[in-house]
Amino acid sequence: MSSILVFVESAEGQIKKTSLEAVAYAKGMGGDVTTIAFGTEVSDSELQGLGNYGASKVLHVKDDRYNKGVIQAYASVIADAMNKEGADVLVLANSSLGNPVSARVAVKVDASLVSNVTELPDTSAGFKVKRSIYTGKAFANVELTKDKKILAIKKNAAEVKEVGGTATVEAFAGSAADSDFSTNITKTEKATGEILLPEAELVVSGGRGLKGPENWGMIEELAKVLGAATGCSKPVSDMDWRPHHEHVGQTGVKVSPQLYIAVGISGAIQHLAGVNSSKNIVVINKDPEAPFFKAADYGIVGDAFEVIPKLTEAIKAAK
Amino acid sequence: MKILVCITHVPDTTSRIAFTDGDKKFDANGVQFIIGPYDDYALARAVELKEQSGGSITVLNVGGAETEPTLRKALAIGADDAIRINAEPTDSLFVASEIAHVAKDAGYDLILMGRESIDFNGGMVHGMVGEILGIPSISPVMTLDIDGDTAKMAREIEGGKEMLEVKMPLVAGCQEPIAEWKIPNMRGIMSARTKPLNVVEPSQNQSGTTLDKFELPPAKGAVKMVDADNVAELVNLLKNDAKVI
C-alpha cells in the first residue's frame, strides 16, 4: 500500500476530533500513516499521542508563522511534504481550512481530489470513493484517475479507535515562500470553551416556534445538561435572534451529530439539508403536521415551553 | 474595478433528487434550475461593490445551452456581460481550469463565486482557480470590503471568524451574510435580453475524477412518537435504544 500523509488540525493545542477521524480513515486504508501538523501551540506530547490513533510519524512544522491558518502557506508546505515523503495519498478532514488548502495542493501536486468522502475507498478495481452530494440528499461513487489522490473526508466517515502506540515527531521545515504569506490575518474571533457546532456529537436547535431570542434560555439549559452545541434555523439567524454561525441548513452549517434535537422547527427542506447526516433526530413541535416529523427518528407533539423544561429535568435525573 | 462572478446552474433547493440512465445522470425532469445560492450571494456583493466604486461585472458559467436562462438572470440582477463555456462540467478541476484559462490575462481584480455548488458540494473550484492563476484564494468569505487595492474580508472558521486583508487580485468563495440576495427588477430583466452573452468553447479538458454512479440514501424508518406528558420515555429511548445520551 502506498504511503499516506494526513493533515491534522489543532485548536487550543488539542488535535481536532475530525482530524483524528482522518487519521483513523488513513489507518483503515492500510499501510503507514504519516501526519503533518502546524504551529507552535500544539505540544510534542499531544502529537506523539497521534500514535494511539494509528499514526507512526508526525511531521511538525514548529514555526509560529503557521500558528494562523494561511491557506497558501499551508498548501505549499503540505505539497512539499507529499513530495519529500513520497506520499501518493493525502487525507484530511473537511473543514473551513482543510478544503481551501487541499484545492491548492491538488493543483500543485497534480492530484485527483474528492471532498465529502463518506467511506473507505474501494481499490478492488481502480480507486473509487463514495462522496456525499446534493447536500446529503444523495451520493456519488467516483473514480480518482490521477496517480496522486487527495481525500477530504466528511465527519463520521471513520470511527476513531485507540490502537495504542506512540508516534515519532520530526521537525519539518516550513518551506512556504514569503509571497505565500501575502494574506494578513489581522484578528481571530472564536468562541472558546464552547462545543463547536460543526463538530458536535449532540446538537439542540431552535426555530421560530420559540417566539423570540429571550426564550433561548431553555434551549441553552437543555444543551448544557446534554453537553450539546446549540443551533438554529435560518429565519432565526436572519432575524438576529441567534448568531449566524449557529444557522443549520442548506446555506449554513451542515451538522453530522449522533443526536439532533429540533425544537419549534417545522423542517423546511433547506433545513433538512443541513441535518440529514445526523444519526438520530428528535423533533419537538406543537404542529403534528410539521414536515420535520417525516425525517425524524423520535417525535413529540407538544408545546416546547412545556416539553423542554420537563425533558431537561428528565435528562438530569437519568444521568 | 473588474469583477468576474462564476455561477452554477443547479436544481432549486426544494427539488426532489433522482437519477436516470442507470444512475449515471441527474433526472432534470420537472426540476427548476436556479443560480447557486452561494453564487447568488457573490453576485449580490459584486453588484454592491460596483454601485459603490464603479467598474464592470462579468458573469461566467461552465455548462450547456440550457444554462443560458440562469446567466440571463444574473445579467438581470446586474452583471454587464456573460460568458458561457460550452461544456458539460465533469469535476472541480475541469471547471477550475476552464475558468482560469478565461480569467488569465483578462485583468480581473476580483474573481468571486459561491463557497460551493449545491449539487456536488465540492468547495474546491475557488482554491484551484487561485492556484492555477498564482493568486490568493480565500473561502468561505462572510464579508468583503475594498479599500484601495486591498480586500478586507471575514473568513468563517469553526466556531467563529478571522478577519484578513490581502491585495487584489484574488479569488473568493462567498457565503452569507456577505450580501442580501437581489431580485431582478423589470428594467434589469428588459436590459438583460440585449446584454452580451459570449459562448466560448472549452480548451483545457482537465479532470481528475470520473463518475461511476449515483445513489440515493436508504429510506428513513418510521418516526417513533412519544407522548408529550411522558418525556421520560423519550429519555429512555435515547439512552437505551439509540444509545446517544
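Reply: Strand 12 of chain A and strand 11 (residues 160-167) of chain B pair in the antiparallel sense over 6 bridges. Strands here are DSSP runs (E, at least two residues), helices are too (H or I, at least four), and both are numbered from the N terminus. Two strands pair if DSSP finds at least two bridges between them. One bridge sets A:Asn184 against B:Glu165.

Me: What should I know about the model and its numbering?

Reply: The model is predicted: local features need pLDDT of at least 70, side-chain atom pairs count only at pLDDT 80 or more, and totals for chains, interfaces and linings use all residues. Residues are numbered from 1 along each chain as its sequence is written, chains are lettered from A and ligands numbered from 1 in the order in which they are written, and side-chain values use heavy atoms, leaving out hydrogens and water.

Me: Which strands form the open sheet of 10 strands, and in what order?

Reply: Read across it: 12(A)-11(B)-10(B)-9(B)-12(B)-8(B)-1(B)-6(B)-7(B)-13(B), with mixed pairing. Neighbouring strands are turned by 30° against each other on average, direction ignored.

Me: What lies across strand 8 of chain B at about 145°?

Reply: Angles run from 0 to 180 degrees between N-to-C directions, and axes are lines fitted to C-alpha atoms, for helices over the stretch in contact. Contact means heavy atoms within 4.5 Å. Here the answer is helix 1 (residues 37-53) of chain B, which also lies across other strands, including strand 9 and strand 12 of chain B.

Me: How much area do chain A and chain B bury between them?

Reply: Buried area is the accessible area (1.4 Å probe) that two parts lose on being put together, summed over both. Chain A and chain B bury about 6800 Å², 58% of it on carbon and sulfur atoms. A:Arg104, A:Tyr134 and A:Tyr298 supply 11% of the area that chain A buries against chain B, more than any other three residues. The contact takes 84 residues from chain A and 78 residues from chain B.

Me: How many salt bridges cross the interface?

Reply: A salt bridge is a side-chain nitrogen of Lys or Arg within 4 Å of a carboxyl oxygen of Asp or Glu. The rule finds 10 between chain A and chain B. One of them joins A:Lys234 and B:Glu176 (3.8 Å, N to O).

Me: Which backbone features stand out?

Reply: Most residues other than glycine have a negative phi, and most peptide bonds are trans. A:Thr135 has a positive phi of about 50° and is not a glycine. The peptide bond from B:Glu176 to B:Pro177 is cis, with omega near 0°. B:Pro177 lies in the loop between strand 12 (170-174) and helix 5 (186-192) of chain B. The bond from B:Ser139 to B:Pro140 is cis as well, with omega near -10°.
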